[in-house]
Every structure is written in C-alpha cells, then in structure tokens.
Amino acid sequence: MTDPKKPQISQRKRPKQARANELVSAVLEAAAQVLAKEGAQRFTTARVAERAGVSVGSLYQYFPNKAAILFRLQSEEWRQTTDLLCATLRDARKPPLRRLRELVHAFVRSECEEAAMRVALADAAPLYRDAPEAEEVRADSHVAFADFMREALPKASDAARATASDLVITTLSQVGKEFSETPRSADEIETYAEAMADMFCAYLRSLARR
C-alpha cells in the first residue's frame with residue numbers, strides 16, 4: 001500500500017520521441033513559470049497544463065501528480081548545483097583551499113541569481129524531500145566533498161573529515177538560502193562569499209595543524 005505522505009515523484013515514463021520531449025519541456029517550463037508566479041501553495045497540475053497549452057491528461061502521461069513535477073524541477077536544480085560543486089572541488093590544477101574559495105563564491109552567486117525559484121521550491125520540499133529519489137540526487141555532492149576532504153586533510157581522521165564535510169555543506173546550503181532571500185548587490189554577494197570562504201579556509205587550516 002502506498003504511503004499517502006510519500007507520493008510517487010518519479011515520471012511515469014520517459015519521452016522517447018521528439019514530440020514527447022517537446023511536451024515534457026513545455027510542461028517543465030510552464031511549471032517554473034507557475035511556481036514563480038503562484039508559489040508552491042497555489043501550484044496545481046491544472047494551472048501547469050493550462051500555461052503549457054496541453055491537456056491535463058497529456059501531462060499525466062509523464063507526471064503522476066504535482067509532486068512529481070516539482071521534484072523534477074528540484075532535481076534539475078540539484079543536478080546543476082552538484083555539477084558545479086563536483087567540477088570545482090575536483091579541479092586538480094588548483095590547490096584545495098583555492099577550489100573551496102571558488103566554490104563558495106560560485107555557490108552564493110548561484111543562490112542569489114535564482115533566489116525566487118529556490119524559495120518556492122523550498123516551500124514545496126515537504127512533498128518530496130524524504131523520498132528515496134531525493135537522496136539519490138543529493139548523494140553525488142557528498143561523495144565529492146568526501147574526496148575533497150581526503151585531499152585537503154590527508155592527516156586528519158575520518159571522523160574529522162566527515163565533520164568538516166557536514167559543516168561546510170550544511171553552512172553553505174542554509175546560510176546561502178537565507179542570504180539569497182533578500183535582494184543583494186554584486187558587491188554584497190562578493191563580500192559575503194569572501195567572508196564565508198575565509199571562515200571555511202581558516203577552519204580547514206586549523207584541522208590540518210592538529
């Protein structure tokens with residue numbers, strides 16, 4: 001029996017033909033517009049279908065409910081963030097702390113540039129945040145951070161590295177979210193990101209000296 005608190009969030013089927021891909025793209029584009037305009041509380045499949053110019057039945061061929069649409073939007077946002085994170089942390093051409101500093105700046109800029117969508121998706125998160133699919137999407141970033149900490153802190157214990165990873169990830173996500181909820185100038189973003197990067201780098205240097 002399906003737990004009503006955990007609705008299905010996977011797509012019903014994957015589009016294989018060009019026309020089907022176009023329909024799914026139209027639905028996702030319309031969903032982003034509806035979410036930005038109406039917010040998570042007024043987000044419905046009917047509104048999305050109307051904005052996309054498709055029937056609700058056509059929408060349901062690919063998305064079983066509004067949670068599935070919202071999760072697809074969220075997972076694409078997570079994937080973009082994870083790709084950015086992994087590419088930056090694994091750039092072996094640069095020293096570890098320089099990579100961490102660049103990651104903080106890129107992450108804070110990204111949070112501020114798409115703040116409205118992120119806030120709306122955060123409101124919708126209870127619909128899918130505990131689903132197994134959500135854990136799978138988030139897993140890559142934790143692996144990238146674990147690899148990075150092994151390189152940045154080669155003499156630290158596994159427990160110290162795990163704590164460092166958790167602290168950086170949690171602080172980035174929570175502080176970045178709260179900071180981006182208020183419109184910020186380019187100078188404010190730069191100053192804030194630099195201060196947070198200084199904090200992280202100082203923390204890792206202290207761990208390396210222990």
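1. A salt bridge here is a side-chain nitrogen of Lys or Arg within 4 Å of a carboxyl oxygen of Asp or Glu. Arg-98 and Glu-102 meet that definition, at 3.2 Å from N to O. The model is predicted. It holds 13 salt bridges.

2. Arg-98 and Glu-102 sit four residues apart in helix α5 (residues 96-113), about one turn of the helix. Arg-98 is partly exposed, at 46% relative accessibility. Glu-102 is also partly exposed, at 28%.

3. Arg-101 forms a salt bridge with Glu-194, with the closest N and O atoms 2.9 Å apart. This pair links distant parts of the chain: Arg-101 is in α5, Glu-194 is in helix α9 (residues 186-209), and 93 residues separate them. Relative accessibility is 21% for Arg-101 and 28% for Glu-194.

4. Helix α4 (residues 66-89) holds Arg-72 and Glu-76, four residues apart. Their salt bridge has its closest N and O atoms at 2.8 Å. Glu-76 is partly exposed, with a relative accessible area of 32%.

5. Helix α1 runs from residue 18 to 38 and reaches 30 Å from first to last C-alpha, close to the 30 Å expected. Its buried residues include Val-24, Val-27, Leu-28, Val-34 and Leu-35. Gly-39 follows α1, with a positive phi near 85 degrees.

6. Beyond four places in sequence, Thr-171 touches Gly-176, Met-196, Met-199 and Phe-200.

Technical notes: Residues numbered from 1 in each chain as written. Predicted model: local features only at pLDDT ≥ 70, side-chain atom pairs only at ≥ 80, totals over all residues. Heavy atoms only, no water. Helix = DSSP H or I, 4+ residues; strand = E, 2+ residues; numbered from the N terminus. Expected span 1.5 Å × (residues − 1). Buried < 20%, exposed > 50% of the residue type's maximum accessible area, 1.4 Å probe, protein only. Contact = heavy atoms within 4.5 Å.
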